[in-house]
Structure formats: C-alpha cells, structure tokens
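Biologist: Thanks for sitting down with me over this model. Could you show it to me, and then we can go through it together?

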Amino acid sequence: MAATTTTATATKVLLTDLASSVNHVPSNYIRPISDRPNLSDVQSSDASIPLIDLQGLQGPNHSNIIKQIGQACRQEGFFQIKNHGIPETLISTIMNIAREFFRLPESERMKSYSDDPTKTTRLSTSFNVKTEKVSNWRDFLRLHCYPLEDYVNEWPSNPSSFREDVAEYCTSVRGLVLRLLEAISESLGLERDCIEKASGKQGQHMALNYYPPCPQPELTYGLPGHTDPNLITILLQDDVPGLQVLRNGKWIAVNPIPNTFIVNIGDQMQVLSNDQYKSVLHRAVVNCNKERISIPTFYCPSNDALIGPAKDLIDNDHPAIYRNFTYAEYYEKFWNRGLATECCLDMFKTSSA
Ligand code: OGA
Ligand code: NI
C-alpha cells in the first residue's frame, strides 16, 4: 500500500485527486510544530462575530445599521449579514455548481489548471505552489468576474450551466458590495461614494475553494492565517465549519448560519480608513470527515487606482499612516511573499508612522 500512496503523491497535481487515496497527510503538507492549528484551543461560536440585519438599510433602520457596521469594522474587521438581498435560490445554485465542478473527472478539471497567479481564470491548489514551502489542504478555482463580458468566455463550460449561473451570482454580489461600500463610507463620516470613487474602475474576483476531508487536520491548514489584500471580501460558506478569525490573540470559529454572508475588511480598506478599520487575520482549518466548500468574492480597486488614506480622515492629530501606492504594486507584493502572518501593509507605511 505504501508504494501506491507514494505514486499518488508524486503524480497528482490537484489535492482532490490525492486526498481520496491517502490515509496520512503527505510530508509536504505537514506544518512545523510551532505553526499548527491547535484545534483544542479554538473558541467556539457563542463568542462569534456580529450578525447584522440589513433589512431597512435604505429605509427606517438606516442610521442604526450604519452604526452597527461601523462598530463591527472598527472592533472586529468581520461581520455576518442577513437580509442582504441575494436570493436563496442563487445561493444554493452557486454552491451546487461549485460541488459539481470539483466532482468532475480529473481530466476535465485539469483543463482549467494553471500555476501562474497572473492568469485571470485558473484552477490551482494550495496557495501559490511556486513560492510556498508547505502546501495547504485546498484546491481552488479562481475567476476574475468584473467586467463580466471580459472574462466569462474563459470560464469553464462544464458543468453546462456554469457560466450562466456564476455570472448571475457575480452580478448580484456586486450589487450587494456597492451598497456595503456606501454604508462603510458613511460609517467613516465620508461622502457615500468616496470608497467607490477611490477604487477606480474596480475589480471583482471570486474563488471556489474546495477543502477535501483530511486524515490528520491537526497537522495542516486549508489556508493558514492571512489578511485579504483587497478592499472587502464577501464570503459564502457551506454548512461545514472551518473559518476562524483572530480576536485578542485567540482564534474564534465562525460557524455557518444558512443563507448569511460573512463580510471582512481587506488591507485596502484599512489603508483608506487610515487604520480606523482593521483587516484581520483569519484562516481555514480542515476536518476528518467532510469536504468543505467556501466561495469568497474579493472586491478590489482597479490595478491603476491610487490608494492611500482618505484625505478627510487625515489631520494634525491623525497623520497619514500609509503612503500612496497603486493597487497593482500592492497585489504583486502580496502574491510574491506568500501567505505570511505579518501583514503586507507594513511595507507601505510612511516613514513617520
Ligand atoms: C480566503 C479565505 C476562508 C474560507 O479565501 O481568502 O479566507 O473559509 N477563505 O475558505
Ligand atoms: Ni481570506
């Protein structure tokens, strides 16, 4: 049996096709002892992140909801939302499409494979196979999705409704993001269109993350602790727990609530807010028994957008903590350094900060 396992490890490119044939985690997935998930030390759901009801955001509850959003961005960097306007049918459709995609035969999935992070549509594994030392227990399909017409024709055409279903989901999530960006601007005391304007023509990427069951989840990560490099992330997860968020040095499990999304502040929002809002470390752990699917939408500034702290948030008492930079410059640094716990943001601080 050992021989079969070795062959599988050596020849499989995607984790999905390797995981089903091993009963131990292969050595290249094993973290050093000081960098393991320590699952017994994780706090569970009763201390979880705030759940904000968006019902009435455009009406009677407006100022109350803006206040809740501001507080969550300031204190946690993370919140969950319900009554977000994305139909439940669309949520189950996108989840089913993701599940179907990762169940396609290996040869069919491999048509989308690439290890080049600059490709706008690609299936890959781990995080960045070109730069990392230890692999992560994850496969992912990453798609650029705004403007849709620039990318939809390079997406997988199998399952047959993939393009249509994913396009509908992307459009709906973009609507939600634009409402959230207005609300977040307002919560910072800025003009409502301030963040949208600062992000130029904008970009939207999504990932379909697939975490296979793992024989030894204590030894590895689905994704190790990281902050998101973009502006804001809208995460949909299935009913299997795995996401954890760092609060006061403790990892907190964010257990799934059906039909809610998880929203988190990315590095660019931390810069725009001049550190009022926090891009917080989070990670994904895996488990023995169940596959897990998560679908983050990463909303970004366009590559040429000039990012820096919003002018209205800078004064003598609150000097700019970051220099101005283009998003392209930031994003390149992010992918090249790998997922490290020290945030990439430190490289963009002003000399006085
Ligand atoms: C990510 C991420 C968390 C998850 O893809 O950036 O943080 O639960 N995913 O999959
Ligand atoms: Ni993330």
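Modeller: Happy to, and one term comes up at once: a residue is buried under 20% relative accessible area, exposed over 50%, and partly exposed in between, using a 1.4 Å probe and the protein chains only. This is a predicted model, in which local features need pLDDT of at least 70 and side-chain atom pairs count only at pLDDT 80 or more, while totals for chains, interfaces and linings use all residues. Residues are numbered from 1 along each chain as its sequence is written, chains are lettered from A and ligands numbered from 1 in the order in which they are written, and side-chain values use heavy atoms, with hydrogens and water left out.

Biologist: Is Thr227 buried or exposed?

Modeller: Thr227 sits in the loop between strand S6 (223-226) and S7; helices (H or I, at least four residues) and strands (E, at least two) are DSSP runs, numbered from the N terminus. Its relative accessible area is 8%, so Thr227 is buried.

Biologist: Which side chain makes a polar contact with the side chain of Thr227?

Modeller: A polar contact is a pair of N or O atoms within 3.5 Å; within protein, one must be able to donate a hydrogen and the other to accept it, and residues adjacent in sequence count only if both atoms are side-chain atoms. Contact in general means heavy atoms within 4.5 Å, and leaving aside neighbours within four places in sequence, Thr227 is in contact with residues including Ser279, His282 and Phe334. The polar partner, at 2.9 Å, is the side chain of Asp267.

Biologist: Which residues of S12 point one way, and which the other way?

Modeller: In a regular strand the side chains alternate between the two faces of the sheet. Strand S12 covers residues 292-300, and nine of its nine residues are buried. One way point Arg292, Ser294, Pro296, Phe298 and Cys300, and the other way Ile293, Ile295, Thr297 and Tyr299.

Biologist: How much of the accessible area of ligand 1 does the protein cover?

Modeller: Residues count as near a molecule or strand if one of their heavy atoms lies within 4 Å of it, and those around ligand 1 include Arg292, Ser294, Pro296 and Phe298. An oxygen atom of ligand 1 is 2.7 Å from an N or O atom in the side chain of Tyr211, and a polar side-chain atom of Asp228 lies 3.3 Å from an oxygen atom of the ligand. Accessible areas come from the Shrake-Rupley method with a 1.4 Å probe, and for residues only the protein chains shown count as cover. Of the 290 Å² that ligand 1 has on its own, the protein covers 95%.

Biologist: Where is the cis peptide bond with omega near 0°?

Modeller: Let me take the two cis bonds in turn. One joins Tyr146 and Pro147, with omega about -10°, and Pro147 lies in the loop between strand S4 (139-146) and helix H6 (148-151). Pro159 is found in the loop between H6 and helix H7 (162-187). The bond with omega near 0° runs from Asn158 to Pro159.

Biologist: Why does Gln202 count as buried?

Modeller: Gln202 is in the loop between helix H8 (194-198) and S5, and its phi is near 70°, a positive value in a residue other than glycine. Gln202 counts as buried because its relative accessibility is 7%.

Biologist: Over which residues is the pLDDT below 50?

Modeller: pLDDT is the predictor's confidence in each residue, from 0 to 100. The protein averages 93, and 95% of the residues score at least 70. Where pLDDT is low, the predicted coordinates should not be read in detail. The stretch below 50, with four contacts beyond near neighbours in sequence, is residues 1-8.
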